[in-house]
Amino acid sequence: MEMSMNSLYSPAKEKAAARGLYRSPVLIHRCRKVLKVKLLLAICVIFAVFVIAGRTGSLMGWNPHPSSSVSSPSRGGYTVLINTWKRNSLLKQAVAHYSSCSRADAIHVVWSEHDPPSDRLKAYLRKIVLSKSQSAHKPNFRFDLNKEDNLNNRFKPIKDLRTDAIFSVDDDVVVPCPTLDFAFTVWQSAPDTMVGFVPRMHWLDEENDAVTYYNYGGWWSVWWMGTYSMVLSKAAFFHRKYLDLYTYQMPSSIHDYVNKERNCEDIAMSLLVANATGAPPIWVKGKIYEIGATGISSLEGHSNRRNKCLNDFVSLYGSMPLVSTNLKAVDAQHEWFW
Ligand SMILES: *[C@@H]1O[C@H](CO)[C@@H](O)[C@H](O)[C@H]1NC(C)=O
């Protein structure tokens with residue numbers, strides 16, 4: 001006892017403290033903060049000068065926007081998997097748009113209506129794909145027909161896929177091609193991960209401590225907390241192996257649930273990937289456009305249903321597989337400050 005107390009005692013420290021010279025860690029921390037702010041301000045000023053110089057003329061012959069971007073067609077592409085239901089005009093717009101993305105290797109439309117698509121629609125879309133595509137290589141276009149209207153259809157494995165990357169998207173969501181290509185390069189650096197544009201979060205309900213209850217958080221929660229643990233399959237890349245896992249390995253009780261509730265296939269996919277990887281998804285910064293009228297998320301009671309899905313699925317898993325993160329991938333070419 002005596003020994004250890006002695007070893008903590010430092011005459012130099014005490015003297016310094018008496019003269020007010022001894023700096024507590026808190027004080028040092030504060031000084032660092034002030035330094036940091038000053039440094040940031042200095043960088044701001046320097047950067048403003050560079051930006052102005054760069055805008056008015058090329059700075060020392062240096063072109064800040066090289067024409068060749070990170071992507072090159074030889075490094076592969078992705079398959080766009082569009083889920084649609086009785087919205088042909090939206091489907092036409094979506095197919096036209098994604099055909100114009102040069103790295104789209106194929107476009108598949110998941111069709112779950114009772115009647116197959118009309119010959120007219122098929123011919124129209126084929127023509128659109130050919131006319132809109134920018135590259136010499138025209139994307140493959142195909143309908144994947146399903147007899148029954150089941151939300152699980154959107155994750156059915158596809159035969160003869162030429163790419164490992166699937167970009168899963170709703171028929172009313174348009175992601176500009178450069179944004180999409182950037183997200184694809186993010187996916188290429190983490191091909192087991194879901195990479196997408198629509199983040200969602202979960203958190204443990206503190207008030208409900210008798211039972212483990214999770215809350216599902218929408219866009220505002222993510223914005224407020226800066227944290228997320230899912231990216232929705234309405235606009236996300238994932239590896240094609242997850243189509244197999246979803247269809248053949250995931251507990252069939254989850255399939256039944258999704259089919260019955262006509263909802264939550266995206267939460268099921270997020271849980272599946274998180275359970276398989278033990279890692280969070282990646283949210284990519286980028287503007288996306290919803291071209292249709294307001295969808296299901298504006299229906300009343302939507303958030304209660306999502307809460308219920310999340311909790312029911314988690315109890316099926318036996319534990320919470322989702323992993324939270326604060327990471328956001330941004331295109332450095334578009335950041336003026338970093
Ligand atoms: C979660 O992952 C583990 C390990 O990969 C696997 O054994 C288990 O079946 C998965 N759980 C579900 C519900 O899919």
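Author: The count comes to 1 cavity of 30 Å³ or more in this predicted model. About 70 Å³ of space lies in this largest cavity. Its lining has 13 residues, and the closest to the centre are Ser270, Val273, Ala274, Ala279 and Pro281. Why can such a space be found at all? Rolling a probe the size of a water molecule over the atoms shows where empty space is left.

What kinds of residue make up the lining of the largest cavity? They divide into 9 nonpolar and 4 polar, with no charged residue. Two elements, strand E9 (230-231) and helix H10 (265-277), each supply at least two lining residues. H10 gives the most, with 4 residues.

The loop between helix H9 (252-261) and H10 holds Arg262. Cys264 lies in that loop too. Both have backbone angles worth checking. Phi of Arg262 is near 50 degrees, a positive value in a residue other than glycine. Cys264 is not a glycine either, and its phi is also positive, at about 75 degrees. Most residues other than glycine have a negative phi. Cys264 is buried, with a relative accessible area of 0%.

Next, go to strand E11 (residues 282-284). Ile282 belongs to this strand. Its relative accessibility is 13%, so Ile282 counts as buried. Which residues does Ile282 touch, leaving aside its neighbours within four places in sequence? The list is Val186, Ala190, Thr193, Met194, Val195, Gly196, Tyr228, Val231, Leu327 and Ala329. Take Ala329 from that list. Ile282 and Ala329 are 47 residues apart in sequence, yet their C-alpha atoms are 7.1 Å apart in space.

H6 spans residues 177-189. From first C-alpha to last, its 13 residues reach 19 Å, close to the 18 Å expected at 1.5 Å a residue. How much of H6 is buried? The count is 10 of its 13 residues, so the helix is mostly covered, as buried means under 20% relative accessible area.

Thr179 is buried because its relative accessible area is 16%, under the 20% limit. Beyond residues up to four places away in sequence, Thr179 touches Phe197, Lys285, Gly286 and Lys287.

Val173 is buried, with a relative accessible area of 0%. Its contacts, apart from neighbours within four places in sequence, are Tyr98, Lys234, Ala235, Ile288 and Tyr289. Ala94 is 79 residues from Val173 in sequence, but the two are 7.3 Å apart, C-alpha to C-alpha.

H10 also has a helix packed against it. The buried residues of helix H11 pack against strand E7 (199-204), strand E8 (214-217), H9 and H10. Which residues of H11 are buried? They are His302, Arg306, Asn307, Cys309, Leu310, Asn311, Phe313 and Val314. An α-helix has 3.6 residues a turn, so residues three or four places apart point the same way. H11 covers residues 302-317, and its 16 residues should span 22 Å at 1.5 Å a residue. The end C-alpha atoms are 23 Å apart, which agrees. Just after H11 comes Gly318, with a positive phi of about 90 degrees.

Last, the whole chain. It contains 11 helices and 13 strands. Of its 338 residues, 41% count as buried. The accessible surface comes to about 20100 Å², and 58% of that belongs to carbon and sulfur atoms.

Key
Residues numbered from 1 in each chain as written. Predicted model: local features only at pLDDT ≥ 70, side-chain atom pairs only at ≥ 80, totals over all residues. Heavy atoms only, no water. Expected span 1.5 Å × (residues − 1). Buried < 20%, exposed > 50% of the residue type's maximum accessible area, 1.4 Å probe, protein only. 1 Å grid on protein atoms, 1.4 Å probe; cavity = no way out; pocket = protein on both sides within 12 Å on 5 of 7 lines; lining within 4 Å. Points joined across faces, edges and corners; volume = space filled by probe spheres on them. Nonpolar A, V, L, I, M, F, W, Y, C, P; charged D, E, K, R; others polar. Areas by Shrake-Rupley, 256 points an atom, 1.4 Å probe, with all protein chains shown as cover. Contact = heavy atoms within 4.5 Å.
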